[in-house]
Amino acid sequence: MDQRSGCPINLAIEVLGDRWSLVVLRDMMFGNRRSYRELHGKSLEGIATNILAARLRHLEQEGLITAAPDPGHKQRVIYSLTEKAIALVPVMVALGSWGSEYLPASPQLAARAIALGAGGPEMAAAFMDELRELHLGRKRPEGSRSVLAELDAAYRAAGG
């Protein structure tokens with residue numbers, strides 16, 4: 001990959017700087033969407049099939065997701081976040097908090113971002129642990145909180 005500079009912000013933007021890469025990662029993180037069909041069919045923004053396919057290839061090439069055959073369905077691929085992608089949770093929290101505060105976000109769709117932002121670093125860390133369990137197969141300690149369930153409850157409470 002040709003890089004414009006060694007600036008870390010520039011390098012991050014070269015990997016994540018298009019609209020769809022972050023949206024796909026958002027849907028995998030917060031919606032637990034793991035298949036092409038889920039990512040396409042449940043897309044709030046209506047991502048085109050060719051764009052989704054290109055973004056999935058790009059994210060895989062960048063080491064943010066992996067693709068593996070679904071053992072229960074011959075023609076389906078299951079996508080998983082890598083540790084590199086899970087490490088973006090604090091960035092996603094910051095983006096969601098900023099967007100909720102400064103942009104005309106829907107109250108229902110902002111509810112998860114607001115809850116996660118209000119939960120602070122502890123909630124973000126617990127969410128990262130939950131994602132590691134779901135995507136990387138790493139067990140969490142017994143009795144760990146389900147941040148995904150908490151975020152879903154916040155969404156429902158906001159009328160979603």
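Me: Before we start on this predicted model: buried means under 20% relative accessible area, exposed over 50%, and partly exposed in between. So is Asn32 buried, exposed or partly exposed?

Reply: Asn32 is found in the loop between H2 and helix H3 (36-41). Its relative accessibility comes out at 29%. That falls between the two cut-offs of 20% and 50%, so Asn32 counts as partly exposed.

Me: And what is the phi of Asn32?

Reply: Most residues other than glycine have a negative phi. Asn32 is not a glycine, yet its phi is positive, at about 50 degrees.

Me: Over to Ala111 in helix H7. Is Ala111 buried or exposed?

Reply: The cut-off for buried is under 20% relative accessible area. Ala111 has a relative accessibility of 11%, so it counts as buried.

Me: Now the largest pocket. Which element gives the largest share of its lining?

Reply: The largest pocket has a volume of about 1000 Å³ and 29 lining residues, with Arg26, Glu45, Gly96, Leu109 and Ala113 nearest its centre. Helix H2 (19-30), helix H6 (89-102), helix H7 (107-118) and helix H9 (147-157) each give two or more residues to that lining. By class, the lining has 17 nonpolar, five polar and seven charged residues. The largest share, seven residues, comes from H6.

Me: Which element gives the most to the largest nonpolar core?

Reply: This core has 34 residues, and Leu25, Met29, Leu81 and Phe127 touch the most other members. Several elements supply at least two residues each, including helix H1 (8-16), strand E2 (73-81) and helix H8 (120-136). Leu81 has Leu25, Met28 and Met29 among its contacts beyond four places in sequence. The element that gives the most, with seven residues, is H2.

Me: Last one: at what angle do the axes of H8 and H9 cross?

Reply: Met123, Ala126, Phe127, Glu130 and Leu134 in H8 meet Val147, Leu148, Glu150 and Leu151 in H9. By class, that contact has seven nonpolar, no polar and two charged residues. The two axes come within 9 Å, and they cross at roughly 115 degrees.

Definitions and conventions
Residues numbered from 1 in each chain as written. Predicted model: local features only at pLDDT ≥ 70, side-chain atom pairs only at ≥ 80, totals over all residues. Heavy atoms only, no water. 1 Å grid on protein atoms, 1.4 Å probe; cavity = no way out; pocket = protein on both sides within 12 Å on 5 of 7 lines; lining within 4 Å. Points joined across faces, edges and corners; volume = space filled by probe spheres on them. Helix = DSSP H or I, 4+ residues; strand = E, 2+ residues; numbered from the N terminus. Nonpolar A, V, L, I, M, F, W, Y, C, P; charged D, E, K, R; others polar. Core = buried A, V, L, I, M, F, W, Y, C linked by side-chain atoms within 4.5 Å. Buried < 20%, exposed > 50% of the residue type's maximum accessible area, 1.4 Å probe, protein only. Contact = heavy atoms within 4.5 Å. Axes fitted to C-alpha atoms, helices over the stretch in contact; angles between N-to-C directions.
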